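Trainee: Could you take me through the salt bridges in this one? I'd like a close look at who pairs with whom and how accessible the partners are.

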Amino acid sequence: MKINFLALLLFFSLTISAQDSYPKDVFRSPLDIPLILSGNFGELRSNHFHSGIDIKTQQREGLPIYAISEGTISRIKVSLWGYGKVIYLTHPNGYTSVYGHLQKFSPAIEAYIKKIQYEKQSFEVEVFPDFGELKVAKGELIAYSGNTGGSAGPHLHFEIRNSVSEEPTNPLLYGLDVSDATNPTLLNLFGYALSDDAQINQSNDLLQINFTRQPDGSFLADKVYASGTIGFGFNAYDRQDLAANKNGVFQVQQLVNGEVYTDFNFEKFSFSETRYINTLIDYDYFGKYRKWITKCFRSPGNNLSIYKTLKNDGKIVVDEGMSYQVEILLKDLGNNITKVVIPVEGKRQPLKVLKENKKTDTYIIAAKPNNYDLGAAQVYFPANTFYEDFYMDLKKGNDTVTIHNSRVPAHRDFTITFDASKYSEEERSKMFIARLGSRMRPSYTSTYRRDNTFTTRTRNLGTYTLAKDTVAPQIRSKNFKDKQWLTNYRYLSLTISDDLSGIDTYTATLNGEWILMEYETKTNTITYNFDDKILDQKQCELKVVVTDNVGNTSTFTSTFYRN
């Protein structure tokens with residue numbers, strides 16, 4: 001099967017022009033090891049696109065991280081979640097580089113941030129140094145790689161942003177050396193009947209389409225018999241060389257009889273639009289099977305700016321008796337292409353598979369605000385909470401309410417308000433709003449209390465209830481015992497945990513003075529480094545206080561000795 005030459009020429013010219021607009025010889029690598037990726041830019045994530053690249057650090061922490069060019073540090077953040085310990089470095093050429101999940105900073109930056117942590121008596125801090133206060137040279141050590149924040153394993157999260165718009169851009173467009181000679185992998189192909197009169201192969205429901213590999217490496221789908229307005233979607237991934245990770249596809253193009261209907265890529269995007277990923281994918285399918293289907297057509301509510309070309313929203317109008325050749329091209333930044341051809345014949349057939357259209361008493365008009373009384377709770381949806389209109393399933397209850405299911409995404413926060421007046425003041429003091437998981441296990445949602453009223457703001461549909469937590473957090477020593485000599489110890493370590501509402505705050509003092517204890521939520525560990533302070537007393541009194549999200553408090557005390 002021959003690949004359409006004009007289509008490929010257009011495909012390559014658009015990609016080359018985008019790549020040529022970024023400087024290729026300005027930035028060095030942030031690491032002095034071969035760059036192997038565990039995640040790439042624009043990759044599909046839960047409710048957002050990945051805004052950088054994840055660089056493998058040889059399954060370990062502590063690798064030196066270097067400034068990719070000269071600049072001034074404009075922001076430093078230490079957080080339990082997200083990027084964990086992160087540095088933002090602003091460069092004179094209009095770009096800002098971001099280094100996340102760090103283990104620790106370089107000695108000078110570490111001293112700078114630790115001083116602020118002790119002043120604020122808080123592990124979590126965010127600072128914006130004055131311009132020029134923390135200058136660094138190209139190639140200067142700024143940090144060490146780690147696994148802090150929302151990281152699932154040791155790696156460096158690395159971004160390059162436009163300093164003015166703060167838009168993240170694809171770091172691989174700047175000449176970083178990442179070996180890639182591997183074509184994207186197509187896993188599944190799907191057809192959508194989009195209009196009321198549409199059908200594909202005697203079905204108006206989501207339909208999986210079979211395909212076979214051709215001698216030239218492309219794929220040919222089984223012939224599709226269709227009518228009305230239809231669309232296609234796919235499940236695919238890309239891999240760079242030397243890594244087995246399934247990463248995202250850089251560019252997607254859909255052609256109909258040689259004409260480009262859809263063309264989008266992950267050159268850049270804005271953080272304000274990243275949640276619109278929920279319209280690019282089939283969110284209902286993801287909710288059922290935890291697999292991504294990327295749509296080649298634009299759904300209602302999709303305001304993404306990633307599209308370079310979009311004819312008829314990428315939807316294909318199939319007329320009776322007409323034939324169409326649909327081509328979908330999946331491309332990476334190494335100019336590797338995977339192509340699938342879908343022959344479509346306009347033919348209306350008797351329907352054998354009908355899409356289930358469940359109707360309820362509640363119809364949501366997305367553009368309007370909606371307010372509902374569910375007995376135990378009130379739920380309020382601001383206008384444009386949802387991407388499109390739909391029938392919502394609402395269930396009332398005495399203490400528990402069900403707001404549809406998690407397979408419909410919300411773009412904006414909505415409000416759930418419970419009336420807790422039937423409970424005593426003592427009971428209310430230990431209560432919170434919880435979302436019930438698949439096994440009906442309650443999980444804490446941020447709860448605002450005002451007299452008898454409990455309120456939470458969330459973007460997650462599902463089942464909610466009022467839960468009670470009367471059990472205080474647990475605190476245990478991890479690497480020492482009471483009355484122990486710790487002269488040769490470099491650090492103190494304890495575990496803290498809470499079985500229901502979760503930990504809200506913790507604080508520690510040594511001989512009555514506040515000390516910095518770093519909190520690693522993945523291991524429930526807090527750690528104090530003895531280098532932070534010079535202890536002038538042989539006998540040391542440690543006190544740790546931990547409070548959960550409803551105010552239950554535990555206190556741990558211990559005595560140890562040091563020379």
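Mentor: Here's a walk through a few of the charged pairs, one at a time. Keep in mind that this is a predicted model. Searching the whole structure turns up 20 salt bridges, and the general idea is simple: opposite charges on side chains can pair when the charged atoms come close.

Start with Arg45, which pairs with Glu43; their closest N and O atoms sit 2.9 Å apart.

Next up is Arg75, which bridges to Glu126 with 2.7 Å between the closest N and O atoms. Arg75 belongs to strand β6 (residues 71–78) and Glu126 to strand β10 (residues 125–127), so this bridge ties together parts 51 residues apart in sequence. Both ends are partly exposed, Arg75 at 21% and Glu126 at 31%.

Then there's Glu345 with Lys223, a salt bridge at 3.2 Å, N to O. Glu345 comes from strand β27 (residues 337–346), whereas Lys223 sits in the loop between β19 (219–221) and β20 (224–237), so the pair links parts that are 122 residues apart in sequence. Glu345 is partly exposed, with a relative accessible area of 24%, and Lys223 is partly exposed too, at 42%.

Methods:
Residues numbered from 1 in each chain as written. Predicted model: local features only at pLDDT ≥ 70, side-chain atom pairs only at ≥ 80, totals over all residues. Heavy atoms only, no water. Salt bridge = Lys/Arg side-chain N within 4 Å of Asp/Glu carboxyl O. Helix = DSSP H or I, 4+ residues; strand = E, 2+ residues; numbered from the N terminus. Buried < 20%, exposed > 50% of the residue type's maximum accessible area, 1.4 Å probe, protein only.
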